Amino acid sequence: GDAFVRIYRTEGVGAFFAGIRAVVLGAGPAHAVYFGSYEQAKWLLGANEGDGHHPIATAFSAVTATICHDAFMNPLDAVKQRLQVHGSGYRGVVDCVRRMKHEEGVRAFYRSFPTQLLMNVPYQCTHLVTYEFFRKTLNPSGRYDPATHLIAGAAAGGLAAALTNPLDVAKTLLNTQEHVDQRVLAAISETAAADHNHAHSHSHAHSHNGHQCNHSHHSHNGHQSHQSHHHHGHHHNHSAVVGVKNAVRIIYRVSGPAGFFKGMAARVMLTAPATAISWSVYEFFKHYLTLPDDNDDSALPRS
């Protein structure tokens, strides 16, 4: 609640729709890729056979759909998140794409891709397995039932969003690190310094065993001076969060365990109705376009 109020007061109503153009551009084609690859994988893996549950086949189908979808959508997701950061200075989608490519290179669009897959694979596995379970449990006949798709979609999306929130926080940090506050910048530098000191201490301890005491003491003093100088430069130059592991460590350093659950309520509130609508629309067109369903009689109208 406080976050919504602060955004409204500082940035106005338009802030709630920042990045919407990037979403609109990619949402249609990305969903077509997602559902198309999911249905094809289900058919190939036998998830449509019989009336029972097939969680393993469904999970592997979810992995296939996730990889196809994220390869298409990840660049647009990175642009959307940049546009949503307060004070980012981007004038729109095109300006954001041009500046990201010019200032950071093409890799900037896929910086969070491994994290995206790491988060979305468990998310989509949970989402799709849960959806198929509720769909078959609430409607064993398999015939078209809008209420079933709405309830199953909302339950599946909400549960999956809650379980994968920690990785969503890490992904957001990776995508928006150029605009983080001073506490996070300090944590980035402290984490880099800790890694450097740990590696250097291990190296020095190893070399120390092969030298005499006086020589070792002299070398150690000179090396400390060199280390201090090198560490000073490292502290100022290392400002990028690289990889999921570093992102997790920085989030924990700044906010503790609670940091991984920030935004979870908002994420569930956003995801549950979105997945309910998505599945309802998809199942509607799937039924009325008479596409094959899990059961041979599912394309028949309800009596």
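Trainee: What share of the 303 residues in the protein chain is buried?
Mentor: This is a predicted model, in which local features need pLDDT of at least 70 and side-chain atom pairs count only at pLDDT 80 or more, while totals for chains, interfaces and linings use all residues. Residues are numbered from 1 along each chain as its sequence is written, and side-chain values use heavy atoms, with hydrogens and water left out. Buried means under 20% relative accessible area with a 1.4 Å probe, protein chains only. For the protein chain, the buried share of the 303 residues is 38%.

Trainee: How many helices and strands does the protein chain have?
Mentor: Helices (H or I, at least four residues) and strands (E, at least two) are DSSP runs, numbered from the N terminus. From that end, the elements of the protein chain run α-α-α-α-α-α-α-α-α-α-α. The totals are 11 helices and zero strands.

Trainee: Which orientation do H5 and H6 have, roughly parallel or roughly antiparallel?
Mentor: Axes are lines fitted to C-alpha atoms, for helices over the stretch in contact (heavy atoms within 4.5 Å), and angles run from 0 to 180 degrees between N-to-C directions. Helix H5 (residues 113-138) packs on helix H6 (residues 146-163) at about 150 degrees, with the axes 8 Å apart. Angles under 35 degrees count as roughly parallel and over 145 as roughly antiparallel, so H5 and H6 are roughly antiparallel.

Trainee: What part of the contacts with a separation of 6 or more in the protein chain comes from residues 24 or more positions apart?
Mentor: The count takes the contacts in the protein chain with a separation of 6 or more. Among these, residues 24 or more positions apart account for 77%.

Terms used. Buried < 20%, exposed > 50% of the residue type's maximum accessible area, 1.4 Å probe, protein only. Parallel < 35°, antiparallel > 145°, perpendicular 65-115°, else oblique.
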